[in-house]
Structure formats: structure tokens, C-alpha cells
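Subject: Handover of a structure and the findings on it

Dear colleague,

Please find below the structure that I am passing on to you. My findings follow directly after it.

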Amino acid sequence: MTTMLAETSAQTVSMEAVTKTYGDVRALDGITWTFPRGGFTAVMGPSGSGKSTFLHCASGLDRPSSGTVRIGGVDIGRLSEAKRTRLRRERIGFVFQSFNLVPSMDVEQNILLPLQLGGMKPDRAWLDEVVRRVGLADRVRHRPAELSGGQQQRVALARALVTRPDVVFADEPTGALDPRTAREVMALLREVVDMTGQTLVLVTHDPAAAAWADSVLFLSRGRIVDELAAPSPAAIANRWESL
Ligand SMILES: Nc1ncnc2c1ncn2[C@@H]1O[C@H](COP(=O)(O)OP(=O)(O)OP(=O)(O)O)[C@@H](O)[C@H]1O
Ligand SMILES: [Mg+2]
């Protein structure tokens, strides 16, 4: 029983009274939330409402100004920079709003970078599967500058999935994609969550993308103001209108 509880907490992220301030801007204003293990949560809110800051703090990329973030039960505020980096590398996948690809590396090298940094061996079959599912099988030797914005977005997504992290955080992963590719990427993410028990937290402005999630959190001025469970695109659009 104890093991089971440890296992459960080992794979979730929880935030307690988290704030983040930049000068006099309160980007996060008291966030308390636990992401359910194996759950898929979408985060929506107006530009500047704190979505990226929320993701950066929840994933340990950034330290909150106050409050506590626990990843797998570990209070990351108490870890050294080096330990926090290692924990993140081993348990977290991140898709940045701005892709963050290495220009001198080709697609495959970019995807394998987190494994290489962590000294881990690639699972060739999983790599091929991920590359195929994001539709980049014929682009593995291209560099980012030779790819469209949407293709770069998909490299970033593959890079986040290849380590099989406990939790993937994705900041607008379909923002640069055409509707059809966006739908394929969302279907892939949904399938990864369902098949592997992956926890996924995804920021999006698109009600159609958010509707793939188990629940949608709405942020406004650095606070969680609502949650919709099992939402339809129409319900999401409705709630969005009244934010
Ligand atoms: N490094 C920073 N320095 C100063 N202010 C910042 C910094 N990062 C974010 N902010 C401010 O914090 C607030 C929240 O920003 P954040 O990037 O989290 O918003 P967002 O919801 O992701 O917006 P968008 O939808 O445009 O990406 C904004 O007012 C922003 O100007
Ligand atoms: Mg943002």
C-alpha cells in the first residue's frame, strides 16, 4: 500500500500557493493545483495571463517567487540547480513556445539531444515510432532552418516524447500547425497519454485542441479561475468568451 502511494505521488506535479513576480508584475498570483497522474490537462487564458510562467514553474524550469512545487513528491525549491536540472531531465519533457531547437543539429540529433545530455541510450523503435507519428520520417537529416515552422514544432514535440518522461509540458504545440496537422498531433498526444499513462499539460488558444484534454484550466491574471471537465469545443469557446 505504501509503495502504491509512493508510486502515485512519484509521478505527479503539485503546486501550492505558487506566486511569480517580475518587478511589480504578478505573473502568478497564488496557484494551488495537482495534476492527476496519467491525466491530460489543457491550460487556456488570454495573452499575458501567466500560462507560460505557470508551465515554467510547474516543470521546474523556473523557480517560483513563493510557494511550493513538488515533482514526484520532491520539493524542487529545496534542490540545488544541478539536482533540479537532473530531475527535470529524467522526468519532464518540455515543448517550448519558441521550439528551442539547436540550429547546427539535424532533426534526429535535435530529437536525441535530451537522451544524449542525460547519458541515456535511445530506444530505436520508439524513436522511429515518434518520428513517424509526427510526420518527420523523410526529414531526419534536415536542419531546423530547412524546415517550416510547423515542422520545427513537431521536432520539438518528438524531442519531448523520446525520453518517455513522466510529465510532458507543452506550450502551444499546435500554434504553428495547419488544422489537419494540428489534429494529427493532438491525436498522437491523446494516444500517448492513454497508452503509456503519461501526464500531459498543454497550453493552447484553440478550443478544438483543448477539447482533446480530460479537463481545461482557465487562467486569468495569474490565477486559476475555472476548470471544465470533459469539455466540448463549444463549451470551451463559451467559457473563453466570458473570461
Ligand atoms: N522574464 C520576464 N520578465 C518580466 N515580465 C515577464 C517575464 N516573463 C513574463 N512576464 C510577464 O508576466 C506576465 C505573464 O506572462 P506569460 O508569458 O506567462 O503569459 P502567457 O499567458 O504565456 O501569454 P501568451 O499567450 O502571450 O504566451 C505578462 O504580463 C508578462 O509580461
Ligand atoms: Mg505564453
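A residue is taken as near a molecule if its C-beta atom, placed from the backbone, lies within 6 Å of that molecule. Please note also that this is a predicted model.

Which element gives the most to the shell around ligand 1? Helix α2 does, with 3 residues. The helix covers residues 51-58, and together with strand β2 (25-35) it belongs to the elements that each supply at least two residues of this shell. The residues surrounding ligand 1 are Tyr-22, Val-25, Ala-27, Gly-45, Ser-47, Gly-48, Ser-49, Gly-50, Lys-51, Ser-52, Thr-53 and Gln-97. Sorted by class, the shell contains 3 nonpolar, 8 polar and 1 charged residues.

**The antiparallel sheet**

Strand β2 also takes part in an open sheet of 4 strands, which has the order β2-β1-β4-β5 and antiparallel pairing. Because β2 and β5 (74-75) stand at the edges with a single partner strand each, one side of each is left without a neighbour in the sheet.

Within this sheet, strand β1 (residues 13-22) is joined to strand β4 (residues 66-71) by 5 bridges, and the two run antiparallel. Ser-14 has Arg-70 of β4 as its bridge partner, and Thr-19 stands opposite Ser-66 in β4. Strand β4 is in turn joined to β5 by 2 bridges, again in the antiparallel sense. Here Arg-70 stands opposite Asp-75 of β5. The strands β4 and β5 form a hairpin with 2 residues between them, and Gly-72 in the turn has a positive phi of about 55°.

**Strand β3 and its parallel partners**

Strand β3 (residues 40-44) is mostly covered, with 5 of its 5 residues buried. Phe-40, Ala-42 and Met-44 point one way from the strand, while Thr-41 and Val-43 point the other way. What are the partners of β3? Strand β8 (residues 199-203) runs parallel to β3 and is joined to it by 4 bridges; in β8, Val-203 is the bridge partner of Val-43. Strand β9 (residues 215-220) likewise pairs with β3 in the parallel sense, over 4 bridges, and Ser-215 of β9 stands opposite Thr-41.

Helix α6 (residues 149-161) has 13 residues and reaches 19 Å from its first C-alpha to its last, close to the 18 Å expected at 1.5 Å a residue. How many of its 13 residues are buried? The number is 11, and α6 is thus described as mostly covered. Among the buried residues are Gln-151, Arg-154, Val-155, Ala-158, Arg-159 and Leu-161. What covers the buried residues of α6 includes β6 (92-95), α4 (107-117), α5 (124-133), β7 (167-171) and α7 (179-196).

The largest nonpolar core has 61 residues, and those with the most contacts inside it are Val-43, Ala-58, Ala-158, Phe-169 and Val-201. The largest share of this core, 6 residues, comes from α6. Leaving aside neighbours within four places in sequence, Phe-169 is in contact with Leu-55, Ala-58, Ser-59, Ile-92, Phe-94 and Val-201.

**Individual residues**

Arg-164 has a positive phi, near 50°, and is placed in the loop between α6 and β7. Because 14 C-beta neighbours lie inside 10 Å, Arg-164 counts as partly exposed. Arg-221 has a positive phi of about 45° although it is not a glycine, and its place is in the loop between β9 and β10 (223-229). With 15 C-beta neighbours inside 10 Å, Arg-221 counts as partly exposed.

Is Ala-234 buried or exposed? Ala-234 counts as exposed because it has 10 C-beta neighbours inside 10 Å, and a residue with 12 or fewer is classed in that way. Ala-234 is placed in helix α9 (residues 233-241). The C-alpha atoms of Ala-234 and Asn-110 are separated by 37 Å, and these residues lie 124 apart along the chain.

Yours sincerely

Key: Residues are numbered from 1 along each chain as its sequence is written. Chains are lettered from A and ligands numbered from 1 in the order in which they are written. This is a predicted model: local features need pLDDT of at least 70, side-chain atom pairs count only at pLDDT 80 or more; totals for chains, interfaces and linings use all residues. Ala, Val, Leu, Ile, Met, Phe, Trp, Tyr, Cys and Pro count as nonpolar, Asp, Glu, Lys and Arg as charged, and the others, Gly among them, as polar. The expected span of a helix is 1.5 Å times one less than its number of residues. A residue is buried if 20 or more other C-beta atoms lie within 10 Å of its own, exposed if 12 or fewer, and partly exposed in between; C-beta atoms are placed from the backbone. Two residues are in contact if their C-beta atoms, placed from the backbone, lie within 7 Å. Two strands pair if DSSP finds at least two bridges between them. A nonpolar core is a set of buried Ala, Val, Leu, Ile, Met, Phe, Trp, Tyr and Cys residues joined through C-beta atoms within 7 Å.
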